[in-house]
Amino acid sequence: MARGKGKRSASKKAKVKAKTKTKKPAKPIELYYWPTPNGFKISIMLEECGLPYVMKPVNISRGEQFNPDFLKIAPNNRMPAIVDPQGPGGRPISIFESGAILQYLGRKTGKFYPADERARTEVDQWLFWQMGGLGPMAGQLNHFKHYARETLPYAIKRYEDEVNRLYGVLNLRLKDRLFIAGKYSIADMACVGWVNLWQRQGQDIEQFPNLKRWLETVKARPAVKRGMALGLELRQGIDMKDPRIQAVLFNQRARAS
Ligand SMILES: N[C@@H](CCC(=O)N[C@@H](CS)C(=O)NCC(=O)O)C(=O)O
């Protein structure tokens, strides 16, 4: 019996060995990316989760967001986007819109996006607040304050005020909690790249002490540092005031296909 048992376990061991030998390593997630606050959201999350990924630069100043292959993944001609070769059911999945990507990665890994409905709803509210408020308002401010051909004081004030108001909302929120949704989450990852640009947005961080403390805490995380450093070298030497670049990025209208 002992012999037989030994035999069985030996063949079992061989099978296990054969199985582990044939198992292919997980393919990395493809991150379609350019180093901007929207791109950082995803590089931070991938770094935080320790997920293997490969960065595919989308040079938006050269119009690579209009490449037909990219548009198949991201029909809105905006980065970031991802392709996860091991998506649901083991089949590849592509995702655009940074908020949707953060939620997907949170569900996939079970990290930084709580499963408990109450806690998840807290995260969702602030994630959508960033997606529909802070990001677009700061984006418009950046446009009118730094790039518009005409100086339009009304537009600059309109968006500077709105960003100021949003900073105030976040500052109050952080009065009695360390992170936006209590525990560190994808909501913090969505906001950090934007608040980090407070100077460029004409804001004074000293007026928002809770926000300042939060910004310093989040930026001190090694994964956030790595995420926000990803691909910075790609942007070197690119002058966003160059009319050829502005012709690519500004005054876009509907495409025929
Ligand atoms: N709501 C989108 C916004 C993404 C977005 O605006 N990306 C910009 C860079 S920060 C972009 O790809 N711009 C290309 C263009 O304007 O053609 C998201 O959060 O994913």
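Reader: Which residues form one aromatic cluster?

Author: This is a predicted model, in which local features need pLDDT of at least 70 and side-chain atom pairs count only at pLDDT 80 or more, while totals for chains, interfaces and linings use all residues. Residues are numbered from 1 along each chain as its sequence is written, and side-chain values use heavy atoms, leaving out hydrogens and water. Rings of Phe, Tyr and Trp (its six-membered ring) pair if their centres lie within 6.5 Å; planes under 30 degrees apart are stacked, over 60 edge-to-face, and the rest tilted. One aromatic cluster is formed by Phe112, Phe179 and Tyr184.

Reader: At what distance from the ring centre of Tyr184 does Arg221 lie?

Author: A charge sits over a ring if NZ of Lys or CZ of Arg is within 6 Å of the ring centre and within 35 degrees of the ring normal. Arg221 lies over the face of Tyr184, and its distance from the ring centre is 3.7 Å.

Reader: How are the rings of Phe144 and Tyr159 arranged?

Author: The structure holds seven aromatic pairs. In the pair of Phe144 and Tyr159 the ring centres are 5.9 Å apart and the planes stand at 0 degrees, so the arrangement is stacked.

Reader: Which helices hold Phe144 and Tyr159?

Author: Helices (H or I, at least four residues) and strands (E, at least two) are DSSP runs, numbered from the N terminus. The pair ties together parts that are 15 residues apart in sequence, because Phe144 lies in helix H5 and Tyr159 in helix H6.

Reader: Is Tyr159 buried or exposed?

Author: The charged end of Arg158 sits over the ring of Tyr159, 5.9 Å from its centre. Buried means under 20% relative accessible area, exposed over 50%, and partly exposed in between (1.4 Å probe, protein chains only). At 18% relative accessibility, Tyr159 therefore counts as buried.

Reader: Which helices are included in what covers the buried residues of H6?

Author: The buried residues of H6 include Ala155, Ile156, Glu162, Leu166 and Arg173. Their cover includes helix H5 (117–147), helix H7 (186–195) and helix H8 (209–219).

Reader: How far apart are the end C-alpha atoms of helix H6?

Author: The expected span of a helix is 1.5 Å times one less than its number of residues. The 21 residues of H6 (residues 153–173) should therefore span 30 Å, and this agrees with the separation of its end C-alpha atoms, 30 Å.

Reader: In E2, what is the bridge partner of Ile29?

Author: Four of the five residues of strand E1 (residues 29–33) are buried, so E1 is largely enclosed by the rest of the structure. Strands pair if DSSP finds at least two bridges between them, and E1 and E2 do so in the parallel sense over five bridges. The partner of Ile29 in E2 is Tyr53.

Reader: Which residue is joined to Glu64 by a polar contact between side chains?

Author: Glu64 is placed in the loop between strand E2 (53–57) and helix H3 (68–73). A polar contact is a pair of N or O atoms within 3.5 Å; within protein, one must be able to donate a hydrogen and the other to accept it, and residues adjacent in sequence count only if both atoms are side-chain atoms. At 3.0 Å, such a contact joins the side chain of Glu64 to that of Arg62.

Reader: What is the phi of Glu97?

Author: Most residues other than glycine have a negative phi. Glu97, in the loop between strand E4 (93–96) and helix H4 (98–109), is not a glycine, yet its phi is positive, at about 75 degrees.

Conventions:
Contact means heavy atoms within 4.5 Å.
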